Amino acid sequence: MSAAVFLSLLLVLSGHQQTTWGSHVLRNQSAVGLAPQSSTNTMAMMPENNNNDECDLVMNLSAIDRCAFVKNTPDCDMEDGFINYLRVSFCLLPPNLTPLTITLCIIWLLFLFVVLGLAAAKFFCPNLSAISTSMHLTHNVAGVTFLALGNGAPDIFSAIAAFSHPHTAGLAVGALFGAGIFVTTIVAGSVALVKPFAVASRPFLRDVIFYMAAVFWTFLMLYRGTTTLGETLGYLGLYVVYVLTVVISAYIYNRQKHSINSSVRNVAHIPEFHSSDSSDDDVPRQTRGSIQQEYESEYRPLLPYSESTCHVLLSSLNPVDSREWRRKPWSWRVLKGLKTPLEVLLLLCIPVVDPDKEDKNWRRPLNCLHLITAPLVCVLTFQSGIYGDYMIQGQFPLWLLILLLGLFLSAIVFCTTTNDCPPNYHPLFALLGFVVSAVLISAVASEVVSLLHMLGVVLSLSNTVLGLTMLAWGNSIGDCFSDITIARQGYPRMAISACFGGIIFNMLFGVGLGCLVQMVKTHSIVQFETEGLLTWILAGSLGLSLVLSFVIVPLCRFHLGRTYGIFLLAFYVVFLVIALLTEFGEIRVV
């Protein structure tokens with residue numbers, strides 16, 4: 001709902017902005033045409049933040065000429081994405097239905113965000129957890145690697161998709177910086193308001209220092225306007241240093257704890273060991289696996305029985321738990337009912353391995369079906385489906401070969417396994433689910449980037465402002481609600497750790513992998529097209545919020561109270577107002 005209200009406001013403001021430009025456009029209408037040589041004259045009439053994308057000029061043309069301009073302008077032809085939204089807007093639908101087009105795009109955008117959230121939360125993260133369990137990783141290593149990747153998957157893939165095209169790189173910069181400001185102000189402030197607490201000092205300072213280093217490094221790359229392969233690898237290496245720091249500090253803390261506990265073992269009164277490095281003293285004693293097993297054992301039948309294959313298939317495709325359905329409020333039921341068809345489609349395509357369950361979530365008929373559907377989904381969605389029409393030696397379609405191989409493997413697995421006992425190679429299904437969900441998330445992220453680019457052109461908005469608002473909000477709103485819920489349950493330290501730990505990974509890997517993938521594709525260095533004053537306001541605001549937290553929190557003796565939470569919320573409101581005023585030309589460099 002907030003997204004729709006926000007875009008409606010932007011539509012009104014952008015209309016006012018286009019009216020302001022109207023006099024310039026009318027005086028230079030003869031210079032605006034389909035010929036490439038006319039773009040230079042028209043470009044000078046555009047605002048500073050849109051001076052590099054010729055596709056933005058389409059709104060200066062008459063409604064009759066827009067379709068031809070979109071078809072003949074290279075910047076309007078987005079390589080990623082299944083749908084060319086600019087052609088849908090200007091060629092398929094009549095000009096008088098532009099408000100309807102924007103409304104439909106908003107609904108479609110919300111649907112894509114739901115797909116991103118479901119694919120990441122229900123399929124990507126569980127399979128990553130299963131992989132880390134199979135590799136016997138410690139909780140610290142798994143938390144800063146696999147768990148961080150799972151939580152940041154929408155941000156990472158959105159950034160990689162945005163960096164794939166020079167004119168949408170602003171979406172990635174705006175989204176990563178905007179999400180950073182949103183999480184460190186709105187989410188952290190909300191946690192402090194809901195549950196005032198004392199933050200773990202050394203982990204907090206460690207995360208803030210590493211995040212400030214990442215932001216400063218990104219600022220330098222934007223300021224220079226370019227980055228090399230060596231700098232990109234060093235940028236990614238900064239996260240490796242962060243992971244090593246987390247692991248080493250946890251190792252030192254555990255040794256100190258063991259040493260102190262051993263020295264006082266024979267003393268009658270053993271004092272409780274406290275350390276500012278420990279952020280797990282408010283973590284519940286029972287793990288999710290033990291709770292899940294205890295919950296399932298209560299409803300386990302007294303006498304063993306074997307379900308039929310048809311019953312196993314139908315029950316595994318039902319995403320609604322009847323016991324949970326009865327306990328939840330009506331709002332949750334409505335939202336669940338809307339998401340159920342989508343969840344069923346994803347369940348048909350993506351396997352999920354759950355190490356916490358006794359049977360590891362082995363569903364023989366469904367897992368056999370996954371061997372057919374999962375590879376097909378990868379072929380049809382990888383790089384926006386370019387391999388869907390690929391013919392082997394010009395005669396045999398690739399998708400048909402994948403289908404036949406899937407049928408063959410599915411038949412073998414079905415004939416050599418049972419419904420009750422998972423096979424020894426069942427953990428490989430977690431790897432398959434990880435790959436399929438990653439490909440699907442990447443495809444949906446490409447659609448989000450293409451759709452936001454179209455909205456930016458139609459509303460005459462820069463990619464940066466769409467990235468720091470719509471894309472950042474869409475990717476971060478789930479983390480916001482989950483962290484606030486965790487804080488309300490009495491675990492604010494866990495919530496605040498998630499706030500800072502995840503965005504460090506998103507920043508370093510979002511920019512680093514995005515640049516690295518682009519370098520591999522183009523075999524050249526990456527050029528950044530900064531969008532004027534707004535980019536520097538975005539980077540400066542994020543840096544300022546981190547510096548203020550780095551100074552204020554220690555002065556408050558690492559106690560995050562409601563006053564600090566209100567300050568963070570007010571900081572974000574002021575930043576958003578300044579960013580929007582800059583976007584619409586009310587604030588400019590003289």
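Me: Is Phe219 buried, partly exposed or exposed, and which cut-offs apply?
Reply: Buried means under 20% relative accessible area, exposed over 50%, and partly exposed in between, with a 1.4 Å probe and protein chains only. Phe219 has 29% relative accessibility and therefore counts as partly exposed. Trp536 is also partly exposed, with a relative accessible area of 29%. The model is predicted: local features need pLDDT of at least 70, side-chain atom pairs count only at pLDDT 80 or more, and totals for chains, interfaces and linings use all residues. Residues are numbered from 1 along each chain as its sequence is written, and side-chain values use heavy atoms, without hydrogens and water.

Me: How many aromatic pairs are there?
Reply: A pair of aromatic rings is described by the distance of the centres and the angle of the planes. Rings of Phe, Tyr and Trp (its six-membered ring) pair if their centres lie within 6.5 Å; planes under 30 degrees apart are stacked, over 60 edge-to-face, and the rest tilted. By this rule there are 20 aromatic pairs. In one of them, the centres of Phe219 and Trp536 are 5.5 Å apart and the planes meet at 75 degrees, so the pair is edge-to-face. Phe219 belongs to helix 10 (residues 201–224) and Trp536 to helix 21 (residues 533–555), so this pair ties together parts 317 residues apart in sequence. Helices are DSSP runs (H or I, at least four residues), numbered from the N terminus.

Me: Which geometry do Tyr223 and Trp536 have?
Reply: Their centres are 6.4 Å apart and their planes at 65 degrees, so the pair is edge-to-face. Tyr223 is exposed, with a relative accessible area of 62%.

Me: How many disulfides does the model contain?
Reply: A disulfide is a covalent bond between the sulfur atoms of two cysteines. With the criterion of a pair of cysteine sulfur atoms within 2.5 Å, the count is 2 disulfides. Cys55 is joined to Cys76, S to S 2.1 Å. Cys55 lies in the loop between helix 2 (39–43) and helix 3 (63–72), and Cys76 in the loop between helix 3 and helix 4 (85–92), so the link ties together parts 21 residues apart in sequence. Cys67 is joined to Cys91, S to S 2.1 Å. Here Cys67 is in helix 3 and Cys91 in helix 4, 24 residues apart.

Me: What is the pairing of the bonded cysteines in sequence order?
Reply: The pairing is 1-3, 2-4.

Technical notes: Helix = DSSP H or I, 4+ residues; strand = E, 2+ residues; numbered from the N terminus.
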